[in-house]
Amino acid sequence: MSSEQNPTPNPAEAGGPRPRRLTLAAALAALEGAALVIGGGWTVVRGLTGAPDDRQQAITLGVTLIVLALLPLLAARGLLRRRSWSRGPAVITQIMALPVAYSLLQADSVAIPAGIVLAVVAVAALVLLINPETTRALGIHGPGHPEEPRR
């Protein structure tokens with residue numbers, strides 16, 4: 001059977017314009033991904049050119065941050081394309097960001113403003129992602145609300 005004979009509904013085609021909340025959630029996820037790439041790149045460069053306590057650990061941390069950036073970046077791309085699978089990784093990213101923000105807030109340093117920003121972004125993104133308008137735009141149906149009635 002070809003996909004033409006049994007087309008799958010695409011929320012982007014059926015639902016009209018992308019809701020602003022979905023666009024904002026995608027932008028926040030992309031912002032987090034970009035911050036991880038920048039932080040990871042900075043850590044790798046500092047590990048290679050500076051005098052870190054442990055060069056290998058600095059490079060490993062930087063590469064890990066860059067790899068972790070893939071999750072929010074792919075989620076942002078999926079949200080912009082209105083793919084229902086993208087909400088899961090986006091929510092996971094925000095949930096993972098909250099303990100990091102808390103840790104930054106516990107520091108006695110310049111990390112406190114970063115913790116505040118990260119907490120605000122994570123909570124705002126979570127609110128946008130669980131919003132019913134966003135859920136509908138992604139074509140996600142909750143329990144008890146099947147797409148088609150069962151027969």
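Asn 131 is buried, with 15% of relative accessible area (buried means under 20%, exposed over 50% and partly exposed in between, using a 1.4 Å probe and protein chains only). Asn 131 sits in the loop that links α6 to α7 (132-137). Its side chain makes a polar contact of 3.2 Å with the side chain of Arg 21; such a contact is a pair of N or O atoms within 3.5 Å, where within protein one must be able to donate a hydrogen and the other to accept it, and residues adjacent in sequence count only if both atoms are side-chain atoms.

All of this comes from a predicted model, in which local features need pLDDT of at least 70 and side-chain atom pairs count only at pLDDT 80 or more, while totals for chains, interfaces and linings use all residues. Residues are numbered from 1 along each chain as its sequence is written, and side-chain values use heavy atoms, with hydrogens and water left out.

Stepping back to the whole chain, there are seven helices and zero strands; helices (H or I, at least four residues) and strands (E, at least two) are DSSP runs, numbered from the N terminus. Of the 151 residues in the chain, 28% are buried. Among contacts (heavy atoms within 4.5 Å) with a separation of 6 or more, 66% are between residues 24 or more positions apart.

Next, the core. The largest nonpolar core holds 15 residues, and Leu 22, Ala 25, Leu 28, Leu 79, Ala 90 and Leu 129 have the most contacts inside it. A nonpolar core here is a set of buried Ala, Val, Leu, Ile, Met, Phe, Trp, Tyr and Cys residues joined through side-chain atoms within 4.5 Å. At least two residues of this core come from each of α2 (20-49), α4 (70-80), α5 (87-105) and α6 (111-130), with α6 giving the largest share, five residues. Leaving aside residues up to four places away in sequence, Leu 129 touches Ala 25, Leu 79, Arg 87, Ala 90, Val 91, Gln 94, Thr 134 and Thr 135.

Then there is the largest pocket, with about 540 Å³ of space. On a 1 Å grid over the protein atoms alone, a pocket is an open set of points with protein on both sides within 12 Å along at least five of seven lines, and lining residues have an atom within 4 Å of a point. Of the 19 lining residues, Glu 32, Ala 35, Leu 36, Val 100 and Leu 118 are the closest to the centre of the pocket. The largest share of the lining, six residues, belongs to α2. By class, the lining has 15 nonpolar, three polar and one charged residues; Ala, Val, Leu, Ile, Met, Phe, Trp, Tyr, Cys and Pro count as nonpolar, Asp, Glu, Lys and Arg as charged, and the others, Gly among them, as polar.

Ala 69, in the loop between α3 and α4, is buried at 0% relative accessible area. Not counting residues up to four places away in sequence, Ala 69 touches Gly 33, Leu 36 and Val 37. Arg 82, in the loop between α4 and α5, has a positive phi of about 60° although it is not a glycine. Its relative accessibility is 4%, so Arg 82 counts as buried. Ile 116, by contrast, is partly exposed, with a relative accessible area of 46%, and is placed in helix α6.

Methods. 1 Å grid on protein atoms, 1.4 Å probe; cavity = no way out; pocket = protein on both sides within 12 Å on 5 of 7 lines; lining within 4 Å. Points joined across faces, edges and corners; volume = space filled by probe spheres on them.
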